[in-house]
Amino acid sequence: MFKKILIANRGEIALRVIRACREMNIKSVAVYSDADARAPHVREADEAVHIGAAPSAESYLKGERIIEVAKRLGAEAIHPGYGFLSEREWFARAVRDAGLVFIGPPPEAIAAMGSKTEARQLAVKAKVPVVPGTTEPLADAAEARAVAEQFGYPILLKAAAGGGGKGMRVVRDANEIAPALEAARREAKNAFGDDAVYVEKYIVGPRHVEIQVLGDQHGTMLSLNERECSIQRRHQKMIEEAPSVAVTPEIRRAMGETAVRAASAAGYYNAGTCEFLLDGDGKFYFLEMNTRLQVEHPVTELVTGIDLVQWQIRVAAGERLPFKQKEIVPRGWAIECRITSEDPANGFLPSTGHVSYLHVPTGPGVRWDGGIEVGSDVGLFYDPMLAKLIVHAPTRDAAVDRMHRALLELTIEGVESSRDFHLRVMEDAEFRAGKIEIQWLERRLASLTNVKPPGETARAAAVVAALIADRDRHAPQRTNGHTTPSATPASSGDSWARAARLDALR
Ligand code: MV4
């Protein structure tokens, strides 16, 4: 086993990997930018090395510099986390060429899955169902029209180099094809430096369901079953769960076998995720493969009991997976809420500030994978995700209740967060019934972020003003500028207690 691992990342995922290392008696090396000099991952690692200025292009994306640090400090392997260098083929290759181990898939598999058209060709060859469409980039609009006439409108133009919805255009009739193709090409060129676009039939109202796979370097590839990821906004997932209410044991087996076939066809090992669209009839289509550990991996860990990060490290070191597919049975229900520094009451505007108070939920079945603490400064250099709140319970209903309870316990002061938004989702009847698909959140957003009954905001503000006035009468010596509550209480039930608690804190 490795004696020392460098973590080429920051925030909650760096802490997650450091925790796995410590449990495995492996030394950890953190790297950090100017902005992260006092970040928790720097303190928790056994060693930490400054690698550059705050912008990620000058620090967390400096692959060669990070490899130099690993060699100098005697680390044998590098864990890339997610984002940053995690899906850069050149980095995985450079790590290998430096005589170190990249804790992830081989560079060849990253390259094969990085091109959407190449991934589709690979899938078709492996008899993996894909959405009807082309597997080669389009030459012109006439070609797209021919596909549309074969499968019917709407169609979807997609960037071959794409991901995250960039360079994507829905086309509803023949007249829209030419301008949509031009727009998709322009967007793809800007985002990926490659204007290749292909076409698929547009699937209306599907769920986004993905399969976690885990493979060793001796030919074992396992499906760790599905995650339901339909609750997303502008291609950013906000809530994930495992299992999915829409996945029957038959679909689970078929989708799992399909994901294993796709991964094996790419020569994959380590942890990876195959994304699918699942329609209302139980038909599923392979979309793409993410060749990294994903943000939402904890829900899979909680329902399978398998520590994905520890197994990533073990298989990277050459160990064999000791599990059999039939031993992997989902137990209970897990839900994750991404706690971001975005203000739901203000169009999810990114919020910045100094974390002046933090109360983290605990109690039965609650897990907090966080990257902030009291004293953290939340800026705009990196992703707005502050933490993930994850719960596990015997049933979906119990998990929703538990998440609601945990969110009520959560207090973050000094920066706006998505907490209240998540509370409203947990209270939503459609969400509770599991009636969700990829468009659900954007359709419901207005009502979820503005559910205050008329007059409640004013009433809540009046109560808070009275509390503040009362406190100031008893403690007139207060000096700092925090005289108004930073969060407007969002609904009855939790708002009064919270207002009083915030006031007591001040
Ligand atoms: C689709 C689709 C409908 N039909 N492909 C969005 C990002 C990229 N990973 C693929 N995406 C989609 N591809 C066909 N043929 C709908 C989406 C899509 C989506 C997929 C997953 C999660 C959220 C989504 C939100 C909007 C559109």
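Four strands, β6 (155–159), β8 (197–201), β12 (270–278) and β13 (284–290), each give at least two residues to the shell around the ligand; strands here are DSSP runs of E, at least two residues long, and helices are runs of H or I of at least four, both numbered from the N terminus. This is a predicted model, where local features need pLDDT of at least 70 and side-chain atom pairs 80 or more, while totals for chains, interfaces and linings use all residues. Residues are numbered from 1 along each chain as its sequence is written, and side-chain values use heavy atoms, without hydrogens and water.

Now the ligand. Of the 17 residues around the ligand, Lys158, Glu200, Lys201, Ile203 and Glu288 come nearest; a residue is near if one of its heavy atoms lies within 4 Å. In the side chain of Lys158, an N or O atom is 3.0 Å from a ligand nitrogen. For Glu200, a polar side-chain atom lies 2.8 Å from a nitrogen of the ligand.

Next, the rings. The structure holds 10 aromatic pairs, meaning rings of Phe, Tyr and Trp (its six-membered ring) with centres within 6.5 Å; planes under 30 degrees apart are stacked, over 60 edge-to-face, the rest tilted. Tyr60 and Tyr382 make an edge-to-face pair, 5.6 Å centre to centre with 80° between the planes. Tyr60 is in the loop between β3 (47–52) and α3 (63–73), and Tyr382 in the loop between β20 (377–378) and β21 (385–393), so the pair ties together parts 322 residues apart in sequence. Ring pairs also link Tyr60 and Tyr382 with Phe84 and Phe381 into a cluster.

Notes
Polar contact = N/O pair within 3.5 Å; in protein donor to acceptor, adjacent residues only side chain to side chain.
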